[in-house]
Amino acid sequence: LIKLFVTVLSTGSITWSLLHFLEHIVRHTTTKKIKKIDNTEMDITHCIQAILSKAGNHIHGRDSEDSELTYSSIVEWKQVCGLLSVPPGGATVDDGNDENVNNKSKNELATQDENSQPKNINDVDNNNKSKSTGENNNVHDNNTTSSEPPNRKEWYQTGYEYWEDESNCPATVDGVLGGFASISQHDLKGSKKFLMDLKSEIRPELKFGREENGGAMTRACECGAGIGRVTKGLLLPLGLSQCDLIEPSPRLLSSAPANLGDTYSSQCRFFCTGLQDFEPRPNTYDIIWIQWVIGYLTDDDLVEFLKRCALALKSGGGVVVIKDNTCEEEAFIVDRDDASVVRSLPYVLGLVELAGMRVVYQRYQEGFPESIFPVPIIALKPKT
């Protein structure tokens, strides 16, 4: 149905508002979390674990700080941290490995008072900004269902509070890069080369500037934008007409216009929301750039977010680009301080597959210090 609606949209026979409404209805009235592997129905967690296991890839993981905190599988980690979706009947899916759960790791994921709420985006100065509206303006999705993991809200709350704390992340390039400001220019240079090579070798229909787009605007989206480092250093200098910055931290997003400067800021729109709640308009973006942020999304939310990104790409040459840390000796590494997870490359690619997207170009960022995780850059397009 969604494909049909997108086709109809391209003919101009239906307004975007109706299309978005219909797409929203279809997406929220279907069973999102169930996939089939070898004709067996599974939720996303069991599905990705089965995909990795079947391919001979790691499924175990560990804590980033405590070497004694290890997990024999993705399912075990999710059960321990309360991030495993609960079936409609209310019982947690059992993979038969309960006896292997490390007792020390139970209930150690930081949780918050259920009544505590992040700042509403209406608290953010909206001068020269556009922001998302409605009752889902907070970081969390309030439309919970019986299948929502019990600690999903706490997971996002922990990450939100970490990045809102200036002592953890000053609103500077050094702050948003965790003290690695020295790699920023090298990172941006590698990203630019990736996009230029992608366009010249693989995706010549990808548009950067108006002049190659028949005078029509070109648009990009920076996800997990922080203060707009990638928008300022990569996307707008490439010639894109407009860039939307998506960032859940009001404090960081409020600092973005000053970081961008008046000229670049006038070419931007600012949306204060988490990616788990962001619903971009269909057929909007030439480039959706997602860097150093997918670790803050649960597997289920990442799959659903990528599905929405697929719809938001302009037909023809639009691409989604993921650039993020990966691990090699295990399937995942959990950081409980900021509620994030570093996944292995096969893990990431498995979630991409479940989202109905495929890789069109991929390479590793070169020249980073050895202390930094391997960072692949992956260009994606919808399978159909």
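## Terms and model

Buried means under 20% relative accessible area, exposed means over 50%, and partly exposed lies in between (1.4 Å probe, protein chains only). This is a predicted model: local features need pLDDT of at least 70, side-chain atom pairs count only at pLDDT 80 or more, and totals for chains, interfaces and linings use all residues. Residues are numbered from 1 along each chain as its sequence is written, and side-chain values use heavy atoms, with hydrogens and water left out.

## Salt bridges

Side chains of opposite charge can pair when their charged atoms come close. A salt bridge here is a side-chain nitrogen of Lys or Arg within 4 Å of a carboxyl oxygen of Asp or Glu. The count comes to 15 salt bridges. One network of them links Lys78, Asp299 and Arg343.

## Arg62 and Glu330

Arg62 pairs with Glu330; their closest N and O atoms are 3.2 Å apart. Arg62 lies in strand β3 (residues 61-63) and Glu330 in the loop between β10 (326-327) and β11 (332-335), so the bridge ties together parts 268 residues apart in sequence. Helices (H or I, at least four residues) and strands (E, at least two) are DSSP runs, numbered from the N terminus. Arg62 is partly exposed, at 32% relative accessible area. Glu330 is buried, at 10%.

## Lys323 and Asp187

Lys323 bridges to Asp187, with closest N and O atoms 2.6 Å apart. Lys323 sits in strand β9 (residues 319-323) and Asp187 in helix α7 (residues 184-202), so this pair joins parts 136 residues apart in sequence. Both Lys323 and Asp187 are buried.
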